Amino acid sequence: MAKYALLIGVSNYQHHDAIAASPTALSDVKAMEKILTHPDMGGFAEVMPVFDPDRMAMEEAIEEFFRKCHPQDLAVLFYSGRGVQDEVGRPYFTTHSTRTTAEGQLVRSTAVPASSVQALIGGRSSQQQVIILDCGFSHNQDSSQVPTAQFHQPNGNLTQDGNGIHRGDRLTPSNGTHQIVPSMPNPVVPLPQLAASSGGAQPISSGSASSESVAQDYGFVTTLKQQLGLQGRVILLGEGSLSTATNSDLSPYTHYLIEGITSGAADQNGDAEVSVRELHDYARRHVQAEIPTAHPELIAVRDEDCEINLARVPLIDPGRRYREQVEHYMSDGRISPVARVILDRQRVKLDLPTAQALSIENEVLRPYREHADNLLRYRKALTAALELSYPLSQTLVDELKDLQALLELTDAELEPIQQAVMRPYVEQAETHQQHVQQYTAAFREAIAQSYPVSNTVRQTLAALQRSLQLTDPDVADIEARLIAADQQRREQYRANLRQLEKEWLAEVQTQYPPAPETLLQFEKRQHSLGIQPTDAEAIRQAVFREIEAQHAQYRRKLEQYRTGFLEAIAHSPILDKPTRDHLHQLQANLELNDNDIIQIEQQAIAQRDTVHRKHANLERYRQEYARSIQEEYPLSEASQQNLKRIQENLQLSDEDVLPIQRQLAAQAEAQRQHSHKRLDHYQHEFAAAIAKEFPLSDATRQRLDQAWQAAGLKEQDVRQIEYVLEGEVKAEREQYTIRLHEFERAYSEAARTHYPLPIQERDRIIALAQTLEIKSEDVMQIEANTALAYEAPVNPPTPPAEPEAATTPDAPSAESAPAPESSTEASRSDDLVSTVNVDYSILRDLLQEGRWREADSETLRVMLQATRREQEDWLSPESLLALPCVDLHTIDKLWSSHSNGYFGFSAQARIYNTLNASLRGNKRAVEFALLVKWMFKLGGVYPMFREYKQLDFHLPNQIGHLPALWYWRLSSMGSFMAGAGISGDRSYGGADMNMLANLMQRLKDCGL
């Protein structure tokens, strides 16, 4: 068996502002190399030091080292530097290039994760492995900015030093293997709580560290064991460069590892061999003696793995052996009487001089004595602080925390000191608080009976103050507080009285006398405001009296207005404006409501109407007759019967209405003669307009409406003329549309047989166009559409503009047609029309059955067929511009109708058109893909396309989610450019604007 070691030291960091330097790392490696290569101690065959590597160099060194080791060899991996954790607690080893983000988060790619070390070691290396990690694992923070000690609790509380987070609890079972176990924090009296607030002692509460934080730290060690633990492997976890207490340029843990070997003190069983367990126990005891907050760990899967012999013990002098005995029999800094006898006997056996033995004992006892002195210094400082101020001010609390950190004292050690020193002050504060409460209760009772208090009560209160030993400021503060509270209560009660009176007055003014439910509501409101029954009854009666007085005054005002109105209508049956204004002003001055005014005036008018009813009825009949004859002349039988009924209802005779009939009939006849002439003129004007433009533009329609309105014509007569003339033009154009469709059908059939058309066939088609009287521009349009469908040019030709008179409501045009091509199929009601003979029946059946994923694949297939790209099996941006409009309409209609508008190209176009116009390029495509849930944000930041199988093929779903495969399917190069490799699709890639923009442009051109 051979022994090999890989020693890695990371001292300096490229990004020193993110990770603090580890000043002892390089010295640790060199010292460990010296020990391991020493023939009388380590005896290692090969030791490889590596200084300040980057991540790749470190991983390569680890992998190469363990690849060379054979199963029977002993392999040692030593790492000295900084250990860090990411935000979820995973351990990493820093490298020369390790850095953090601006927010202080670890950049994982610059550090070596513990899980990666496990993978690099592999399964072909030695069966005996020792991993020594002299690094603290801080939780993603700059260790140089963390104080070396803070207030903490004993027995399981978390402590934090410059290299990471450690626990105070350890349990060592009988077999000697160290295990990590969680423990609950003990109750202590933290100084910040004792100094919080004015007056009285504060209750004792639990410490600042929570069981949750303890569980988190225990979980980290468990994580490290899971990631690096293995049968045959033992891990020594040190603390890093915590301090320089060892007076060495090495870290404390490495210093005592080397000291344990070189001095032989680590050999506990005296077999001249130092096992991993013995070496770790020696280093842990000495590190904790100097730094109580440090807790090195030994992690192993099996107990026997801890018995791996790492080094041999050199010859030890008597002084070292005596030191071992002193350290062994030392207990809490004291030597018991029995131990004293044992040590004296050992000194004699070792032939050690008494002075040298005493010097060794003093050196071993020195840390304990210094620690006892530190506890005494803290007690004196705390006593002086309490004499100066109790409760402690925040400044004194902070200073005591700094002193505790400087003296390296734990909360467990300070707890009994704090309780003993502070107990008299706490008891005094509690007694004072009880006296304050007694006086408060007595004074509250006194002012509740009478305020201001009488002289007799004041004398009683003074006697109580003396018996309770309260100072005048204490009493003044209590009385001022209670008097202010009592005054506030009385003022609030008066405010509640005013509020109840206001609400009750508003309620009774609405309805008087009030209903039973209103009275019940008043009683509930009284109780909610805390009003006494006598006060509430007084308010109710006062409101009743006020309301009754208001009603009496209001009746007098009504009578005054009645007199004024009767005088006004006595002079004239119809009130003129000045008279009405005068009455309105009178109403305002008297503050009368409209309903009462209406009732008064109706009564007065009823009296006046008795005299003038016939005159009013005649005038009303005149109005009805004028309206009827204005709408219809001569009058129909139905109109005459209606007027007869009105005459009878108004109680008018034939002699009364005959003069009105003759006068209005003569006026109507004259108007009819004049209207006929104006209607003839408008008929000629409208016929000339539709001969030039059909259908009429909004401007022309507005001009014609202004013309007949200015002429005083009836809308009914005008619309009748327009209806007849438009019907004639429409019939003529419908005939032309039929002929145009017949020609288009013949041209399409000829093109399907052979395209391009032979000369003879084209001559036949042109002759047919002349026979059917098809306009040349329409022939050119049909030829262009056919060429677009069969040739699919990148830039389809622009059809020639049509003359204004050549456009019909049903014929395709550059302005009104939904697409550049117009075919017979597009005009039919069949949902499966196509200009390039694509069969959409499969797509229809899939959509009817709700098989959305298969329908999406079928949609891509028919789009490839429509653009003749079946062999390429993907749609280029140029081919999307060449999709036939009729086919686009068919596909969209099938998707939209079967998904209730959730899916389809038109749904996607609506979403695309809502995007912010300021978005440019791929940003617009990314925003669209996020809205239709094609993309997701990795880590909440980086947009990335989902896998196609991750899309949701169910309803209801995100509007515009499907169809999608037309955008996913790419060429290998297109997939590579999108960042998805050469997979042939866009999964986990990025968006590009060309395909999306071209389809949206095509949809716009086609009217979708």
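I take a residue as buried when its relative accessible area is under 20%, and as exposed when that value is over 50%. The model I consulted is predicted.

**Entry 1: helix α6**

I looked up the cover of helix α6, residues 252-262, and found it mostly covered, with 9 of its 11 residues buried. I listed the buried positions of α6 as P252, Y253, T254, H255, Y256, L257, I258, G260 and I261. I then asked which elements the buried residues of α6 pack against. The partners include three helices and strands that I noted by range: α1 (25-37), β3 (74-80) and β7 (128-134). Also among them are β11 (233-237), α7 (276-290) and β14 (309-312). Just after α6, I recorded a positive phi of about 75° at G264.

**Entry 2: Q647**

I located Q647 in helix α19, which spans residues 637-649.

**Entry 3: a nonpolar patch**

I examined a nonpolar surface patch of about 510 Å² and identified its members as M973, F976, M977 and I982. I placed I982 in the loop between α33 (972-977) and α34 (993-1005). The relative accessibility of I982 is 64%, and I therefore counted this residue as exposed, the threshold being over 50%.

Terms used:
Residues are numbered from 1 along each chain as its sequence is written. This is a predicted model: local features need pLDDT of at least 70, side-chain atom pairs count only at pLDDT 80 or more; totals for chains, interfaces and linings use all residues. Side-chain values use heavy atoms; hydrogens and water are left out. Helices (H or I, at least four residues) and strands (E, at least two) are DSSP runs, numbered from the N terminus. Patches are made of residues with over 30% relative accessible area and no salt bridge: like charges are joined within 9 Å, nonpolar side chains (Val, Leu, Ile, Met, Phe, Trp, Tyr) within 5 Å. Accessible areas come from the Shrake-Rupley method with a 1.4 Å probe; for residues, only the protein chains shown count as cover. A salt bridge is a side-chain nitrogen of Lys or Arg within 4 Å of a carboxyl oxygen of Asp or Glu. Buried means under 20% relative accessible area, exposed over 50%, partly exposed in between (1.4 Å probe, protein chains only). Contact means heavy atoms within 4.5 Å.
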